[in-house]
Amino acid sequence: METKHSSYSDEGLLQAAEYVEKPESQLKLMWETLRQNKAAVVGLIIIGLLVLIALAVWLSELMGKQILPYDPNFSDMSKGFIWPNAEHWFGTDQLGRDVFSRILDGTKISLSVGVAAVAISLSVGVVLGATAGYRGGKTDAAIMRLMDMMLAIPSILLAIAFMAALGKGLDKAIIAIGLVSIPEYARIVRGSILSVKENDYVHAAKIIGNKTSRIIYKHILPNVISVIVVRATLGISSAVLDTAALGFLGLGVQPPFAEWGDMLGRARGFIFSAPYTLIFPGIAITITVLAFNLLGDGLRDALDPKSRIK
Amino acid sequence: MLKYIIKRILMLIPVLIGVSIIVFLIMRVFSPDPAPIVLGQHATLQAVAAWRQANGLNDPIPLQYVHYLQGALTGNLGMSYYTKTPVVKEIFSRFPATIELACVSIVLASVFGILIGVISAVKKNTIFDNSGMFLALIGVSMPIFWLGILLIILFSGTLHWLPSNGRINPLLEPSHVTGFYLVDSLISGNLDSFVDAVRHLILPSCALAMYSMAIITRMTRSSMLDTLQQDFIRTARAKGVSEGKVIRKHALRNGLIPIITVIGLQLGSLLGGAVLTETVFSWPGIGAYTVTCILNSDFPVVQGVVLLVAAIFVFMNLIVDVIYAFLDPRIKYSKKEV
């Protein structure tokens with residue numbers, strides 16, 4: 001009996017050691033598969049370019065230098081509604097501002113709102129999902145019922161309601177969009193935790209006296225990280241869309257800042273007289289969302305053992 | 001089965017109560033005081049106090065909630081702060097417009113989504129597949145409201161083929177029976193009204209359907225690809241069944257379960273998407289109205305609408321689960337599962 005017990009724990013420890021190595025190899029394998037997926041690489045390149053634009057705009061603002069063709073917030077009514085030409089590539093808007101410069105400037109807002117909102121929903125969602133999945137029982141039921149309730153309200157309505165309560169503005173939009181996506185992350189993390197928590201290495205970690213939080217964050221979460229990465233990538237695309245939707249309804253980032261959805265909302269009245277003011281911001285949103293979707297889909301395929309074999 | 005359905009319906013009650021609490025908290029605890037918004041900035045303090053008293057806003061929040069719940073159980077969701085009409089009346093006067101739009105959209109999304117998904121799966125890795133998947137990718141990446149704007153620019157502004165706002169030409173409005181103009185115009189035998197209602201529906205329903213169509217296309221393709229690799233498909237082909245029949249009778253029917261799930265869930269999310277589509281097309285439905293009410297802190301209307309939308313959403317989930325059992329005889333809700 002004693003021999004059996006010792007062989008069990010040896011095996012458990014071996015497996016534990018094997019699983020400790022796993023996160024790195026899992027991500028590495030994902031990366032190898034991802035590299036062969038052309039669409040995902042295109043997505044990654046576009047995201048790289050967008051990040052570069054956003055960083056360049058942000059740094060130039062910090063240093064007080066103008067790298068954009070025109071000041072994105074400078075309005076000159078005498079130059080309003082100039083159709084796209086060599087001087088103003090995407091034309092000018094109703095206040096005579098250069099649409100191309102505003103779109104480039106908007107990159108930093110869309111990306112930062114997307115990433116920050118995902119950071120909020122991810123961190124809260126992971127804690128809630130991990131606690132629900134690991135603890136089980138009443139804690140699980142209580143957390144997941146709350147998540148079900150939030151999921152029963154269309155996210156855009158919930159986000160608008162949060163915005164009405166919190167007030168308008170960039171920071172409020174980030175919080176509202178972050179809050180409404182929490183249930184998705186909680187559900188995914190809970191499901192993943194349930195699927196790994198009965199593994200021997202988790203039992204082994206428990207037996208050697210680890211605290212619950214350590215077991216969750218050191219032993220379980222690294223093994224479900226890839227699922228979270230996929231969801232977070234796709235989550236950024238939804239966050240960019242939601243930001244644009246709030247902006248379009250006049251609830252997001254407030255003037256004079258250039259936000260793509262807000263640009264669309266304010267140009268709506270000129271849909272027939274200056275349609276170009278509505279076309280380019282939409283293209284910018286679509287390309288950004290498309291890039292994150294391409295990367296997210298690629299990551300999901302890379303995670304799927306079936307497609308790895310293919 | 002009946003027991004399962006009853007149990008699921010009973011389980012919806014706590015979810016809906018929870019939804020009502022969440023909305024109540026957001027609107028009444030965290031939102032700004034509606035009195036100055038409703039009465040205007042120049043209202044006297046006495047007028048504000050009287051208005052708050054009349055609308056029960058001076059009561060403690062838990063008591064306000066209990067009053068609200070008592071009313072809701074008897075079908076009284078309160079009065080709109082602005083129009084002074086019962087919320088139920090406000091909602092039902094606008095709801096048919098939203099439901100009509102959502103239903104037409106889901107039909108479009110399902111028909112084209114399944115069609116493109118099946119073609120993509122059957123013609124895997126051909127130009128048909130690649131085009132279908134590209135369309136689906138664009139569909140999930142494009143903001144609904146921007147697609148609506150593009151459709152208006154092209155079909156209303158440039159080609160002048162279709163109207164860009166409203167539900168119908170006011171001169172052709174059919175007599176109100178169901179509130180669904182397509183149905184009402186047919187009942188009254190007014191073909192001109194019917195055609196005009198269809199013309200008004202085309203652009204908003206296409207814009208609203210695009211996202212759902214993309215999701216349904218993707219799900220149909222992956223489900224069909226899985227099913228087409230099954231042994232029973234090989235057997236059917238080996239028996240000499242025609243390819244069309246293999247796809248329609250054997251593959252699609254078996255691959256339909258996940259597709260139905262997605263369609264059911266999409267109908268719920270279409271109601272959310274309607275908020276934006278209705279704003280773009282000035283569609284007189286519940287979506288655009290709710291945005292206005294949220295911004296004006298018209299609490300009773302917002303609570304009523306969110307509760308109704310949440311109820312529809314959870315009911316759709318229930319219906320999807322029940323359809324499962326009918327579509328797949330292998331799924332049985334045994335006592336243990338119940």
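**Close-up views of a two-chain predicted model**

**View 1. Helix 7 of chain A and its buried residues.** In helix 7 (residues 200-207) of chain A, the buried residues are Tyr201(A), Val202(A), Ala204(A) and Ala205(A). Seen down the helix axis, these buried residues fall within an arc of 160 degrees, so they line one face of helix 7 of chain A. Buried here means 20 or more other C-beta atoms within 10 Å of the residue's own, with C-beta atoms placed from the backbone (12 or fewer is exposed, in between is partly exposed). The arc is that of the directions from the helix axis to the C-beta atoms. Helices (H or I, at least four residues) and strands (E, at least two) are DSSP runs, numbered from the N terminus.

A word on the model and its labels: this is a predicted model, where local features need pLDDT of at least 70, side-chain atom pairs count only at pLDDT 80 or more, and totals for chains, interfaces and linings use all residues. Residues are numbered from 1 along each chain as its sequence is written, while chains are lettered from A and ligands numbered from 1 in the order in which they are written.

**View 2. Where chain B touches chain A.** Chain B brings 38 residues to the contact and chain A brings 32 (two residues are in contact if their C-beta atoms, placed from the backbone, lie within 7 Å). On the chain B side, helix 1 (2-30) of chain B gives the most, with nine residues. That side of chain B splits into 29 nonpolar residues, nine polar and no charged. For the tally, Ala, Val, Leu, Ile, Met, Phe, Trp, Tyr, Cys and Pro are nonpolar, Asp, Glu, Lys and Arg are charged, and the others, Gly among them, are polar.

**View 3. Around Met213(B) in helix 9 of chain B.** Met213(B) sits in helix 9 (residues 191-228) of chain B and counts as buried because it has 28 C-beta neighbours inside 10 Å. Leaving out residues up to four places away in sequence, Met213(B) touches Leu108(B), Ala109(B), Phe112(B), Gly113(B) and Gly139(B). Ile116(B) is 97 residues from Met213(B) along the chain, yet their C-alpha atoms are 9.2 Å apart.

**View 4. Two stretches of chain B listed by UniProt as "transmembrane region".** The unreviewed entry includes residues 197-216 and 255-276 of chain B; such annotations may be inferred rather than shown by experiment. Residues 197-216 of chain B are 100% helix, with end C-alpha atoms 26 Å apart. Residues 255-276 of chain B are also 100% helix, and there the end C-alpha atoms lie 32 Å apart.
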